[in-house]
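Trainee: I am new to this structure. Can we walk through it together, one question at a time?

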Amino acid sequence: MRLLATGEDIGESLRDACDIISAMLPGRPAASVLIAMDGAAAAGATIGAQALVRAEVRLRSGPSLQALARKQSISVPDLTDEIRWGGYPALALRGGIRSLAAEPVVTAAGSIGALCLYSSRPHDFGPSIGQAVSLLGAHLGVVLPVRLEALHAIALADQLRQSLKTRGVIDRALGILMADNRYDREQAFAILRAASQHRNMKLAAVAAELIRTTTGTIIPRLGMDAEPSSE
C-alpha cells in the first residue's frame with residue numbers, strides 16, 4: 001500500500017504491487033490490477049499476466065472488466081469449461097492459464113477496477129485464497145483513489161506551470177515586436193498570430209523563434225500553447 005501511495009508512475013506501482021501480491025500468496029499466482037476512473041485507465045501485472053490484461057483491454061471483455069462493471073467476484077475453476085468473454089478463455093488457455101479469480105476494487109464512489117489472480121492449475125483458488133483476494137481488493141479500494149487524485153493534482157500543476165512558461169515566452173515576443181516596430185499590444189499579437197497561422201506553427205513556437213532570431217536566446221521546446229488576451 002505504501003508503494004502505491006508514493007510511486008511516481010501508477011503503472012509501475014501497480015506492476016510492483018502485483019509482484020508483491022503474487023509473492024504473498026501460496027503458489028505465487030500471476031496477478032494483475034486493472035483500474036479505470038474518470039476516463040483514465042491504467043494496469044499493472046506480473047510477467048505471466050501482462051498479455052492477459054492487455055487482451056482484456058483489446059477485447060473489451062474478460063474477468064477483470066466484468067468484476068469491475070458488476071462489482072462482483074469472479075471465479076473460474078477451469079477455463080476449459082468457460083464460455084464467457086468471447087476469445088478470452090482460448091487466449092488464456094494458450095498462455096497456460098487454467099483457473100482464475102477476480103475481485104472488484106470498490107470505493108465509496110463505486111467500482112474503479114479489479115484485481116485478478118491466474119493459475120496454471122485448475123481449481124487452484126479455494127475459499128482461503130478468495131478471502132485474501134477480497135481483503136486485498138478492499139485495501140486497493142482505499143488507497144488507489146487517493147493516489148489517482150494526487151496524480152491528477154500533479155498533472156494539473158504541471159499544466160499550469162507549462163502554461164505560465166508558454167505565456168511568458170509569448171509576452172516576451174510581443175514586447176520585442178512592440179519595441180522594434182512601435183506596435184501596440186493588439187497589433188503585435190495580430191502579427192504573431194498571423195505568422196503562426198501562415199506557418200502552421202503553434203503561437204509559442206513562433207514566439208520562441210522570434211526571440212531566438214532577435215536576441216540569440218534559445219527557448220527550450222514547449223509542450224503547450226496558450227494565447228494571451230489582447231487586452
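Trainee: How far does helix α8 reach from its first C-alpha to its last?

Mentor: Keep in mind that this is a predicted model. Helix α8 covers residues 203–215, which makes 13 residues. At 1.5 Å a residue, 18 Å is expected. The reach in the model is close to that, at 18 Å.

Trainee: Which residue just after α8 takes a positive phi?

Mentor: Look just past the end of the helix, where phi is about 85°. The residue there is Gly216.

Trainee: Which residues touch the most other members of the largest nonpolar core?

Mentor: That core has 21 residues. Elements giving two or more residues to this core include β1 (30–37), α3 (50–59) and β4 (99–107). A second, separate core has 19 residues, among them Cys18 and Val105. In the largest core, the residues touching the most other members are Leu52, Tyr88, Leu100 and Tyr118.

Trainee: What does Leu100 touch, beyond residues up to four places away in sequence?

Mentor: Contact here means heavy atoms within 4.5 Å. By that cut-off, Leu100 touches Pro63, Ile74, Ser75, Val76, Leu79, Tyr88, Cys116, Leu117, Tyr118 and Phe125.

Trainee: Is the pair of Trp85 and Tyr88 stacked or edge-to-face?

Mentor: A search of the whole structure finds one aromatic pair. Both Trp85 and Tyr88 are buried. Their rings lie 6.0 Å apart, centre to centre. Planes over 60 degrees apart count as edge-to-face, and with 85° between the planes this pair is edge-to-face.

Terms used. Residues numbered from 1 in each chain as written. Predicted model: local features only at pLDDT ≥ 70, side-chain atom pairs only at ≥ 80, totals over all residues. Heavy atoms only, no water. Core = buried A, V, L, I, M, F, W, Y, C linked by side-chain atoms within 4.5 Å. Buried < 20%, exposed > 50% of the residue type's maximum accessible area, 1.4 Å probe, protein only. Helix = DSSP H or I, 4+ residues; strand = E, 2+ residues; numbered from the N terminus. Phe/Tyr/Trp six-rings, centres within 6.5 Å; stacked < 30°, edge-to-face > 60°. Expected span 1.5 Å × (residues − 1).
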